[in-house]
Amino acid sequence: MLKLLKHDLKNNLKLCLISLLVGLLGNSFLYALFKNSIMTNTQTLGFVEMLFLILCILAVFGSFLALIVQIVMVFRRDYYSDRGYLMFTLPVRSNDILMSKLLFALIWTVIFAVAFSLINFLGMYFIGESKFLEMIKLAFNNPYFTISPFTFILLTVYFIISTFIGYIVMYFSIVATKSLFPSNKTGYSWIIIMIVINVVISLIDQEIFTRFPYLISYVGEGIVNASELITLKNSDTITMSTFTKIMGIPISSTIIWILTGLGLYQASIKMMDNSIDI
């Protein structure tokens, strides 16, 4: 598995790095444009500035889109194209092939997340300077909820698990499309399958949450009963106490998606093992 992962990382390093650098440059230029508008006290942007703004936004979104396309193509290339013949004749288990692709996707997603988080933090400091640092201090020392290292650890772990499960659903959809429609050489029907899976699981998740409305708070409140959020009406006043209960990770949702990920992972391996027309 590690050899397959190393092979994928090496072969796709150039394209992924180019996508990352283009996105980071676009993001950096956005903050430079905002800083210039503040320094010159400009309320509206001219045609050139507006065009530059649009290009920067497109660069950022295009960067993430290019990463997703690359993640999809890394798997489809070895499953739909002629390379699949060679891949599946090697003495490598389907589990190793699938896990290497998932780890490739996760590694680059984490790299992108960390890089864009840092560039946005530096960008906000570049614009706000001492005021931005003051806002950070107020956020950590506010009287309503607690932000601690546990907050960042919990959110990071949740992000990694959610991302990993999301890619399992994506790859399962690709494998299922190949198994259900073996004559379909393009295989883009997987997008529909992925959407259906996400909608169905989300509806089940929502239904279960109404019966088990507990969250793990990431602001120091422990396990919170969020039942009052379910019965909350539009006309009701949202207090700070109610708001802090939203700042948590639903326990039932986490369990459902983890079980879904495990099930779809095993199903993907079974279908890959039984695949004949590679």
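Buried, in these notes, means under 20% relative accessible area, with exposed over 50% and partly exposed in between (1.4 Å probe, protein chains only).

I'm working on a predicted model, where local features need pLDDT of at least 70, side-chain atom pairs count only at pLDDT 80 or more, and totals for chains, interfaces and linings use all residues. Residues are numbered from 1 along each chain as its sequence is written, and side-chain values use heavy atoms, with hydrogens and water left out.

**Helix α11.** I took helices as DSSP runs (H or I, at least four residues), numbered from the N terminus. Residues I251, S252, S253, I256, W257, T260, G261, L264, Y265, S268, I269 and M272 of α11 came up buried. Then I checked its length: 23 residues at 1.5 Å a residue should span 33 Å, and the end C-alpha atoms are 33 Å apart, so the two agree. The expected span here is 1.5 Å times one less than the number of residues.

**α8 against α11.** I looked up how α8 (residues 190–211) packs on α11 (residues 251–273), and got an angle of about 145° with the axes 9 Å apart. Axes are lines fitted to C-alpha atoms over the stretch in contact, and angles run from 0 to 180 degrees between N-to-C directions. Contact means heavy atoms within 4.5 Å. On the α8 side I found I197, N198, I201, S202, D205, I208 and F209, meeting S252, S253, I256, W257, T260 and L264 in α11. I sorted the residues of this contact into seven nonpolar, five polar and one charged.

**Salt bridges.** My rule is a side-chain nitrogen of Lys or Arg within 4 Å of a carboxyl oxygen of Asp or Glu. That gave me three.

- K101 and D8 pair at 3.0 Å, N to O. The link joins distant parts of the chain, α5 (residues 94–128) and α1, 93 residues apart. Both K101 and D8 are buried.
- R93 and D96 pair at 3.2 Å, N to O. R93 is exposed because its relative accessibility is 55%, while D96 at 14% counts as buried.
- E207 and R211 have their closest N and O atoms 2.5 Å apart. They sit four residues apart in α8, so about one helical turn separates them. E207 is partly exposed at 43%, and R211 is exposed at 62%.

**Back to D8.** What does D8 touch, beyond its neighbours within four places in sequence? I get V74, D78, S100, K101 and F104. D8 lies in helix α1 (residues 2–11), and its relative accessibility is 4%, so it counts as buried.

Notes: Helices (H or I, at least four residues) and strands (E, at least two) are DSSP runs, numbered from the N terminus. Ala, Val, Leu, Ile, Met, Phe, Trp, Tyr, Cys and Pro count as nonpolar, Asp, Glu, Lys and Arg as charged, and the others, Gly among them, as polar.
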